[in-house]
Amino acid sequence: MKSVPTISTADLSRLIAALDVQIVTLAECLVSPGYNLVMGGHPCPGIHYVLEGTGLMYLRNEAPVKVEPHTLVIVPPDCPFRLEVIKGDESPGATEPVTGADHMNIVDSVYRFTAGNEGPRTVLICGYFRTLYGASMDLFETLTAPIVEKFCADDRLDVKLKCAMDELVAQEIGYGAMTGALLKQVIIALVRKSLSSMNVWIERFAMLSDPQVARVFADMVAQPGKGHTVHTLAETACLSRSAFVARFTNVIGRSPMAVLREVRMRQAAADLAAGNMSIDQVIRNTGYASRSSFARAFRQAYGMDPSGYRESILRNKDVSTSSR
């Protein structure tokens, strides 16, 4: 019988809405029948979507995953994998291994890894990404086992990923935001698929595993400027102060106020980069009552004053615009 996730739909929706998705790199993998493409691990989690063909994907000591068109696989950070495409009656393991790093070239800013030159090839769009709530709080960083979901053509994930690749190739203004938004749509589709299938993996993530902690964390990321204190956060969790702090720290890995500070600094950085708020407005929007305490926290997070950060963002935008 399918298990029911304990985190509420409302809290999960708020957490997904606040998620900042960033693409680190995109790549294509092309594997011919009779070959075995061997890929090393990456510090970031990976997303692999099959456009054409079939194969077997091996990840660590897991049983091989049979992949076919519209299969989506999320690979944990630092997890090597290999993709084997069997030729005819060939047995698994009898294919020719090819190390991806030795058979890679860059085509229009996209990495292309190739094993064999014969068709019909198995083709994957692959990417490495970050899913951030703060400078160092990544939703997928605690993932230890792969996530596998089967989609169909009507889900149009291939269209979204191809559009992200086109954005990366074109490198127009805002391409980073656009690629992140497109990948976020894919991740939302993945979450929805999990909730409606027999494969509920949502609670593999530490910050989603405890519904009371998740509720508090969702409130933080949705309203970073709210007057949160340990007492009010404990009330939101329906726990005593000491029980809340212990439970939150155990689940998230940091104290509630340390996490709140990081979430607020992320909000401040976004407000400063947007450029349509005064520094005082940014301070109020992030819940700080003191300009000096805000500036001190911002310097600790970003290594510079808020005004200097805004100036550096504007300079980078000007350089990017003038270079086109």
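The request concerns D138 and strand β12.

Analyst: This is a predicted model, so local features need pLDDT of at least 70 and side-chain atom pairs count only at pLDDT 80 or more, while totals for chains, interfaces and linings use all residues. Residues are numbered from 1 along each chain as its sequence is written, and side-chain values use heavy atoms, with hydrogens and water left out.

D138 sits in strand β12, residues 137–138. Strands here are DSSP runs of E, at least two residues; helices are runs of H or I, at least four; both are numbered from the N terminus. D138 is buried and has no salt bridge. Buried means under 20% relative accessible area, exposed over 50%, and partly exposed in between, with a 1.4 Å probe and protein chains only. A salt bridge needs a side-chain nitrogen of Lys or Arg within 4 Å of a carboxyl oxygen of Asp or Glu. The nearest side chain of opposite charge is R130, 5.6 Å away. Lys and Arg count as positive, Asp and Glu as negative; His and the chain ends are not counted.

A polar atom of the D138 side chain does lie 2.9 Å from the backbone nitrogen of F140. Setting aside neighbours within four places in sequence, D138 contacts F129, R130, T131 and L132. Contact means heavy atoms within 4.5 Å.

The largest nonpolar core has 56 residues, and Y133, F140 and F217 have the most contacts inside it. Such a core is a set of buried Ala, Val, Leu, Ile, Met, Phe, Trp, Tyr and Cys residues joined through side-chain atoms within 4.5 Å. Another core, of 23 residues, lies apart from it; M39, L59, V65 and Y128 are among its members.

Charge pairs do form elsewhere. The whole structure holds ten salt bridges. In one of them, K150 meets E68 at 3.9 Å, N to O. That pair links distant parts of the chain, 82 residues apart: K150 is in strand β13, E68 in the loop between β5 and β6. K150 is partly exposed at 38%, and E68 is partly exposed at 31%.

D11 pairs with R14, closest N and O atoms 3.3 Å apart. They are three residues apart in helix α1, so about one helical turn separates them. D11, like D138, is buried. D11, R14, D219 and K226 are linked in a salt-bridge network.

Conventions
Polar contact = N/O pair within 3.5 Å; in protein donor to acceptor, adjacent residues only side chain to side chain.
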